Amino acid sequence: MTTPHFPLKIAGLSKTDASRAEVFSPFNEQLLGTVEQADKADIETALSTAHDLYKDRSQWLPVVKRIAILEKAVELMKADAESLAIGAAEEGGKPLIDSQVEMARCIDSIRACIDGLRNDAPHTIPMGINPASQHRLTTIRKEPIGVVVAISAFNHPLNLIAHQVGPAIATGCPVIVKPAEKTPLSCFRLVEIFHKAGLPEGWCQALLTQSHEDTESLVTDDRVAFLSFIGSAKVGWYLRSKLAPGTRCALEHGGVAPVIVTEDADIDAAVPGLSKGSFYHAGQVCVSVQRIYAHRSIARQLAEKLAAAAKQLKVGDPVSADTEV
């Protein structure tokens, strides 16, 4: 079986000498695919392409076109949902049963973008409330903010990309996405789907960089209008401190996910959810159960039942249908 290879998804760029990153299964270390890496010149090409598109209003995609592209993308995702879920399980190590749920959420995330476009109508601002505003009407209309750079995380290689790229496409912003080095294959497959759905290549470009310094140069370029970052607080806050003046951002750094179990709680009803939440993707999820506060009178009983439930979890190959961890 031929190992998949993904070239840089930079509009108009074709290289034969790009360095390649290898992607391995975290379960059995099988080589799953190779992805070309962008150097500084490639990053400049991607930024120039995206910025030129944004500056030329004649090339902006009308709302009706964006809706049609996203609707077609949903159709293509649904048709290929199982293979996309298997691919995400292979490269990320998350069990297939959870990757299938993630794929369903991925599709729903794009549907939410479509719904947002259908319902985001211009609205008026109250006028006539003082002498200066008499006989006046004010309407607000939203426009694309500009070039979006999306830096994504490894643990949801499908849905996180949908969360970051989908809204950029919906709002008419050119987007450059850099997936996590450990799980880039799902991202490149999703970007291919957007292109197949009719999105011009320059409006969604995907790349891996050769170094953290190259990633920083991409993020901090003054042509970037918005940074979407999902990852560690240390890296996110650092990049935020380096953004060009005027660049806005959204940072998602995870959480601490506490659960409180009260004295009168139904322990038997609580344990399945606590067990699933605690061991979901081996705890590598921002909303996994990370701390449990139990009333002293039930703490030992809860701990013993949770330990018993954990012993029943099936550990194994992530693409096996019955694997839970």
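Ala, Val, Leu, Ile, Met, Phe, Trp, Tyr, Cys and Pro count here as nonpolar, Asp, Glu, Lys and Arg as charged, and the others, Gly among them, as polar. By these classes, the lining of the largest cavity has 6 nonpolar residues, 1 polar residue and no charged residues. The model is predicted: local features need pLDDT of at least 70, side-chain atom pairs count only at pLDDT 80 or more, and totals for chains, interfaces and linings use all residues. Residues are numbered from 1 along each chain as its sequence is written, and side-chain values use heavy atoms, with hydrogens and water left out.

Voids were searched on a 1 Å grid over the protein atoms alone. A cavity is a set of points where a 1.4 Å probe fits but cannot get out; a pocket is an open set with protein on both sides within 12 Å along at least five of seven lines; lining residues have an atom within 4 Å of a point. Points are joined across faces, edges and corners, and a volume is the space filled by probe spheres set on them. The whole structure holds 1 cavity of 30 Å³ or more. The largest cavity has a volume of about 30 Å³. Its lining consists of Leu61, Ala168, Ile169, Gly172, Cys173, Leu199 and Trp203.

Secondary structure follows DSSP runs, numbered from the N terminus: helices are H or I with at least four residues, strands E with at least two. Helix H2 (63–79), helix H4 (96–119), helix H5 (159–171) and strand S10 (224–230) each give the largest pocket at least two lining residues. H5 gives the most, with 6 residues. The lining of this largest pocket divides into 17 nonpolar, 7 polar and 7 charged residues.

The second largest pocket has about 420 Å³ of space. Among its 19 lining residues, Ile151, His212, Phe229, Val235 and Leu239 are the closest to the centre. Helix H7 (212–219), S10 and helix H8 (233–242) each supply at least two residues of this lining. Its classes are 9 nonpolar, 5 polar and 5 charged.

Methionine 127 lies in the loop between strand S4 (123–125) and strand S5 (138–140). Its relative accessible area is 30%, hence partly exposed (buried is under 20%, exposed over 50%, partly exposed in between; 1.4 Å probe, protein chains only).
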